[in-house]
Amino acid sequence: MPKPDVDPTVTLDLSVDRSSPVPLYFQLSQQLEAAIEHGALTPGSLLGNEIELAGRLGLSRPTVRQAIQSLVDKGLLVRRRGVGTQVVHSQVKRPLELSSLYDDLEAAGQRPATKVLVNTVVPAGAEIAAALSVPEGSEVHHVERLRLTHGEPMACLCNYLPLGLLDLDTGHLESTGLYRLMRGAGITLHSARQAIGARAATAAEAERLGEETGAPLLTMARTTYDDTGRAVEYGTHTYRPARYSFEFQLLVRS
């Protein structure tokens with residue numbers, strides 16, 4: 001990542017409220033995290049020296065170090081020998097709606113990239129057949145992709161589609177999102193059924209996503225339907241929780 005010409009923390013409006021019951025380190029870490037999420041601190045930016053930052057805010061160096069370490073633990077910052085503390089990326093917060101991860105990342109300025117791992121035809125097992133409403137054992141298209149942002153893996157996407165639905169060229173899959181390809185083929189996406197969970201990473205998943213075996217992963221299973229009610233896609237996806245989260249909007253019933 002390139003070094004910025006000017007230390008960006010100099011221009012940040014950082015402050016702490018000593019009368020607040022919220023710990024000082026947490027107040028600072030929340031402000032730095034907000035600066036990363038809102039783009040005031042962009043990937044590649046360097047944080048100021050801990051001593052300088054502590055002096056400017058009237059905090060102890062251990063307090064500043066604890067605030068920075070909490071963001072290192074979240075995967076937002078990284079300490080590089082000879083470089084300093086550097087912003088890696090912001091966590092992607094994805095709203096729960098029928099949208100493509102590629103489109104969401106692109107809209108958020110996350111520079112998405114895709115590596116196709118599998119692109120083939122397989123017989124549908126019981127779970128896939130039930131999701132797509134096709135006979136068990138019938139052929140379906142199977143695609144596995146590794147989604148990256150800023151060159152780092154974020155998610156592994158496994159999708160099954162009815163055979164003959166659209167042309168799933170590997171080059172096209174690596175240059176854009178699956179839903180965009182489907183819309184381009186004249187498929188009108190209407191609704192989806194989705195389940196979100198979490199589990200430990202297998203050795204293969206850990207290797208793909210740059211995590212340790214057994215590390216927690218977010219999971220999502222989704223069946224998507226077109227405007228005729230036909231199931232057009234079934235996906236099982238895994239995400240790195242340090243890089244990704246789902247957002248819910250809850251309404252109170254009167």
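S133 is exposed, with a relative accessible area of 64% (exposed means over 50%, buried under 20%, partly exposed in between; 1.4 Å probe, protein chains only). The model is predicted, so local features need pLDDT of at least 70 and side-chain atom pairs pLDDT 80 or more, while totals for chains, interfaces and linings use all residues. Residues are numbered from 1 along each chain as its sequence is written, and side-chain values use heavy atoms, without hydrogens and water. S133 sits in the loop between α5 (126-132) and β5 (139-149) (DSSP runs numbered from the N terminus: helices H or I, at least four residues; strands E, at least two). Its phi is positive, about 55°, although S133 is not a glycine. Most residues other than glycine have a negative phi.

Helices α2 (residues 50-57) and α3 (residues 61-73) pack at about 115°, with axes 9 Å apart (axes are fitted to C-alpha atoms, for helices over the stretch in contact; angles run from 0 to 180 degrees between N-to-C directions). That makes α2 roughly perpendicular to α3 (65 to 115 degrees). The contact (heavy atoms within 4.5 Å) involves E50, I51, L53 and A54 of α2 and R61, V64, R65 and I68 of α3.

The largest nonpolar core has 19 residues (buried Ala, Val, Leu, Ile, Met, Phe, Trp, Tyr and Cys joined through side-chain atoms within 4.5 Å). L28, L32, L41, V64 and L77 touch the most other members. Helices α1 (24-37), α2 and α3 each supply at least two residues of this core. V64 touches L28, E50, L53, A54 and L59, leaving aside residues up to four places away in sequence. A second, separate core of 13 residues includes V116, L161, L166 and L168.

How values were computed
Angles under 35 degrees count as roughly parallel, over 145 as roughly antiparallel, 65 to 115 as roughly perpendicular and the rest as oblique.
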